[in-house]
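Student: I would like to learn how to read the features of a protein model, step by step. Could we begin with the surface and then move on to the loops and the overall fold?

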Amino acid sequence: MTSKIFRSIFIASVSVLLVTLLIITGSMSGYFDKVQQKELRDELEIAAVATEKIGVSYLEELKSDRYRLTWIAEDGSILYDTDVNADHMENHLDREEVQEAMQTGSGSSSRYSSTLTGKTLYEAMQLEDHSILRISVSHATTLLLVAGMLQPILIIFVLAAALSLLLAIRMAKNIVKPFNHLDLEHPMENDTYEELSPLLHQIYSQHRQIDQHIKELKWKKDEFNQIIAQMEEGLVLLNEHSTILSINPAAMSIFQTGDFCIGQDFLTIDRSSELSEAMHRAQENGHDELRMKRSGREYQVNISRTVSEDHILGSVLLAFDVTEQASAERSRQEFTANVSHELKTPLQSIIGSAELIENGIMKTEDIPRFARNIRKESSRLVNLIDDIIRLSQLDEGASVPMEEVSLSAVADEVFSALLDSASLKNIHMTCSGEAVIIGVKRLLFEMLYNLCDNAIKYNKPDGKVDVSIEPKEKAVRISVKDTGIGIPKEEQSRVYERFYRVDKSHSKQSGGTGLGLSIVKHVVQYHHGKIEMRSQEDFGTTITVELPVEQTQQERLGDHL
């Protein structure tokens, strides 16, 4: 603050000095101009009288280092010039001062002469024989005046600057001194400038507010610690550098650590590469989750990024014990594989019977059409069973060849397969958008088929099923929206479990097996995507799937963005 005040005072003083010098110099220049113009006019009048009486001999005998006289004939030709041979000079009839003298008897001007360097003042007078006598003198410019006064100007400037410097230092110290002795802990007890009173009152008010906020924060912190201490789930709060800010007892038990880990990097209590990668993905994508085993138990770990005003504050790690749930899910997977193998043989028999009907053994006119439908749906059931087996293999790490898949074409195939089912309930199906991705076509078909099949089964008569395919910057978003009965909120977290049914009686009537959404979830996981459900009872359900797109696929999607 002292330096700012000092600079302001010093700059103001120097500025005033410079402006004063400029004004004085300008005034002196104007004064000298007027004096010189008057002297020039007086000299011209004397020379005019002598020239009229004596003639050119007067001019020839005249010697002057300051003035230059030029005698100009009425036609503008030069009769005589005291500095230059008249024969070498051009016609002066067009000169401003000459024209003015011919019209009014006298004239004046100033310009840069073509024969004399520098700015020159001219005075002209018309003689009795109508010739013109002109006198000129080099003009002392402002720059020349300053150059002539440079030494005293510099001395004055240095003295004034030094004085301004001393005064500025002293004034700055005197102004700042009361500020340096302010007691901000007791702002109302200060005896200083009256102008500071509003500021001190504001500081006093802020002190009271800060004290109150500190009390509130302490109370909320204690409340938060009490809440997380009672949680069965493990909770860890991290900053943007993965430093532990808070950890509850459940998390300490899971990671086998204690209070001493607060303030340390999370890697000091868990060096699992899977967990570290999940935390990194959560920092980039906003959320990630994984399963991990600790001390013979299996945990579902959800990691979410925390953001405030586009600034990453850190992340929250929440660990759930899902040992029993995982065991039950594995049991359902084994059962699915066994049942699928058992169902394959009778379905092959159905296909054979349908082929006999299609070949004309049955003569009824409509039988071929139904036979083709039986064969088509039976084949699709076999493919579905193959997909279930394949999903079981995927659980064990099996891989399936990938190819370019047009999602709109897949949607058309799904609509064709479900046309009869939709017609029975008068369900209107629409598809919008297009995208081509690298994936397993059969799995993508089964994913969309199951989503649309559920949307029809659990829809209302005269309802709608809308499929939307929307290319994004790094992903493709597929949404299936229906106007059906919806799913209760408490049931939504379990709909992806195998053989789990929200409404068992309705599922039996509609032919549901409880495998559809489980298959969808596994297909999405296989393609490294994510799935989201939004549902409200009696208002329908929307399931959104986002499948990531690699760089090579992004180029193909460019025309759709």
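This is a predicted model: local features need pLDDT of at least 70, side-chain atom pairs count only at pLDDT 80 or more; totals for chains, interfaces and linings use all residues.

Student: Which residues form the negative surface patch?

Tutor: That patch is formed by Glu52, Glu74, Asp75, Glu128 and Asp129. Among them, Glu52 sits in helix α1, which spans residues 2-54, and Glu52 is partly exposed because its relative accessible area is 39%.

Student: Which residues have a positive phi although they are not glycines?

Tutor: One case is Asn426, which is not a glycine and yet has a positive phi of about 55 degrees; Asn426 is placed in the loop that links α12 (419-424) with β12 (428-432). Another case is Asp538, with a positive phi of about 70 degrees, although Asp538 is not a glycine either. Asp538 is found in the loop between β16 (530-536) and β17 (540-548), and it counts as exposed because its relative accessible area is 51%.

Student: How should I read the surroundings of Glu100, and what is Glu100 in contact with?

Tutor: Begin with its place, which is helix α3, made of residues 96-104, and then note that Glu100 is partly exposed, because its relative accessibility is 31%. If we leave aside its neighbours within four places in sequence, Glu100 is in contact with Gly105, Ser106, Gly107 and Ser108. A separation in sequence and a distance in space are read side by side: Glu100 and Gln126 are 26 residues apart in sequence, and their C-alpha atoms are 9.5 Å apart in space.

Student: How many helices and strands are there in the protein as a whole?

Tutor: The protein has 16 helices and 17 strands, and of its 561 residues 38% count as buried. Among the contacts with a separation of 6 or more, 55% are between residues 24 or more positions apart. Finally, the protein exposes about 33,600 Å², and carbon and sulfur atoms supply 54% of that area.

Key. Residues are numbered from 1 along each chain as its sequence is written. Side-chain values use heavy atoms; hydrogens and water are left out. Patches are made of residues with over 30% relative accessible area and no salt bridge: like charges are joined within 9 Å, nonpolar side chains (Val, Leu, Ile, Met, Phe, Trp, Tyr) within 5 Å. Accessible areas come from the Shrake-Rupley method with a 1.4 Å probe; for residues, only the protein chains shown count as cover. A salt bridge is a side-chain nitrogen of Lys or Arg within 4 Å of a carboxyl oxygen of Asp or Glu. Lys and Arg count as positive and Asp and Glu as negative; His and the chain ends are not counted. The place of a charge is taken as NZ of Lys, CZ of Arg, CG of Asp or CD of Glu. Helices (H or I, at least four residues) and strands (E, at least two) are DSSP runs, numbered from the N terminus. Buried means under 20% relative accessible area, exposed over 50%, partly exposed in between (1.4 Å probe, protein chains only). Contact means heavy atoms within 4.5 Å.
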